[in-house]
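Subject: Structure handover

Hello,

Here is the structure I promised to pass on. Please open it next to this email, then read the notes below.

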Amino acid sequence: MEEALAAAAAARDAGEVPVGALIVRGAQVLSRAGNRTVRDQDATGHAEMLAIRAASAALGRWRLDGCTLYVTLEPCAMCAGAIVLARLDRVVFGAWDDKAGMAGSVGDLLRHPRLNHRPQVAGGVLEAECGATLREFFAERRRSDFVDTPPASG
């Protein structure tokens, strides 16, 4: 999770929402990524999606059985769907996402009983650190928006 936090910090430094992801198979790191939605102008540029693509390329196959995804924020619906389709064995995430999380917060797509694949899920790993990274980012954004916004006239 600490490596995923480092990827989140790199995303933050590039002006992205600080979410980082890492996919490992045994002791081998297959991929690591941070959000790139702003830089790439791509709504699918979430850290999990990028890490899945890179891990698939590293293995030369789309099925990621035997792999674990570490991510600093509970996956959204898009990412949860990709995780299920990629057949990841395990998902470990840091902060819960009460607005969009699909591993237990808003819904639980990862463990939906009607799906043919359900990865093991562990949430709240380094939750304080992962949550603080996001809270600090958005607090700074709010301060910057306030300072950069001219006063209303009238």
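Start with Ser 56. Leaving out residues up to four places away in sequence, Ser 56 touches Arg 61, Trp 62 and Leu 64. Keep in mind that this is a predicted model. Ser 56 sits in helix α3. Is Ser 56 buried or exposed? Its relative accessible area is 15%, which is under the 20% cut-off, so Ser 56 counts as buried.

**The sheet**

Five strands make up an open sheet. The order is β2-β1-β3-β4-β5, and the pairing is mixed. The edges belong to β2 (28-34) and β5 (120-122). Each of these has a single partner strand, so one side of each has no neighbour in the sheet. From one strand to the next, the twist averages 15 degrees.

β1 covers residues 20-25 and pairs with β2 in the antiparallel sense. Six bridges join them. Val 24 stands opposite Val 29 of β2. Arg 25 has Gln 28 in β2 as its bridge partner. The two strands form a hairpin, with two residues between them. Gly 26 lies in the turn, and its phi is positive, about 65 degrees.

**Helices on the sheet**

Helix α1 (residues 2-13) lies across β1, β2 and β3 (68-73). It runs at about 145 degrees to β1. Helix α3, residues 47-59, also packs on the sheet. It touches β1, β2 and β3, and its direction makes about 145 degrees with that of β2. This is the helix that holds Ser 56.

**Helix α4**

How many of the ten residues of helix α4 (residues 77-86) are buried? Seven are, so the helix is largely enclosed by the rest of the structure. The buried residues are Cys 79, Ala 80, Gly 81, Ala 82, Ile 83, Val 84 and Ala 86. Their cover includes α3, β3 and β4 (90-95). Arg 87 follows α4, and its phi is positive, near 65 degrees.

**Leu 115**

Leu 115 is in the loop between β4 and β5. With residues up to four places away in sequence left out, Leu 115 touches Val 84 and Leu 109. Val 84 is one of the buried residues of α4. Leu 115 and Leu 85 are 30 residues apart in sequence. In space they are 9.7 Å apart, C-alpha to C-alpha. The relative accessible area of Leu 115 is 28%; buried needs under 20% and exposed over 50%, so Leu 115 is partly exposed.

**The largest pocket**

The largest pocket holds about 630 Å³ of space. Its lining has 21 residues. Which of them lie nearest its centre? They are Leu 73, Trp 96, Asp 97, Leu 134 and Phe 138. Helix α5 (residues 127-148) gives the largest share of the lining, six residues. By class, eleven lining residues are nonpolar, three are polar and seven are charged.

**Where to look**

For a quick tour, begin at the hairpin of β1 and β2. Go on to α3, which packs on the sheet. Then view α4, with its seven buried residues. End at the largest pocket, with Trp 96 and Phe 138 among the residues nearest its centre.

Best wishes

Definitions and conventions:
Residues are numbered from 1 along each chain as its sequence is written. This is a predicted model: local features need pLDDT of at least 70, side-chain atom pairs count only at pLDDT 80 or more; totals for chains, interfaces and linings use all residues. Side-chain values use heavy atoms; hydrogens and water are left out. Two strands pair if DSSP finds at least two bridges between them. Helices (H or I, at least four residues) and strands (E, at least two) are DSSP runs, numbered from the N terminus. Axes are lines fitted to C-alpha atoms, for helices over the stretch in contact, and angles run from 0 to 180 degrees between N-to-C directions. Contact means heavy atoms within 4.5 Å. On a 1 Å grid over the protein atoms alone, a cavity is a set of points where a 1.4 Å probe fits but cannot get out, and a pocket is an open set with protein on both sides within 12 Å along at least five of seven lines; lining residues have an atom within 4 Å of a point. Grid points are joined across faces, edges and corners, and a volume is the space filled by probe spheres set on the points. Ala, Val, Leu, Ile, Met, Phe, Trp, Tyr, Cys and Pro count as nonpolar, Asp, Glu, Lys and Arg as charged, and the others, Gly among them, as polar. Buried means under 20% relative accessible area, exposed over 50%, partly exposed in between (1.4 Å probe, protein chains only).
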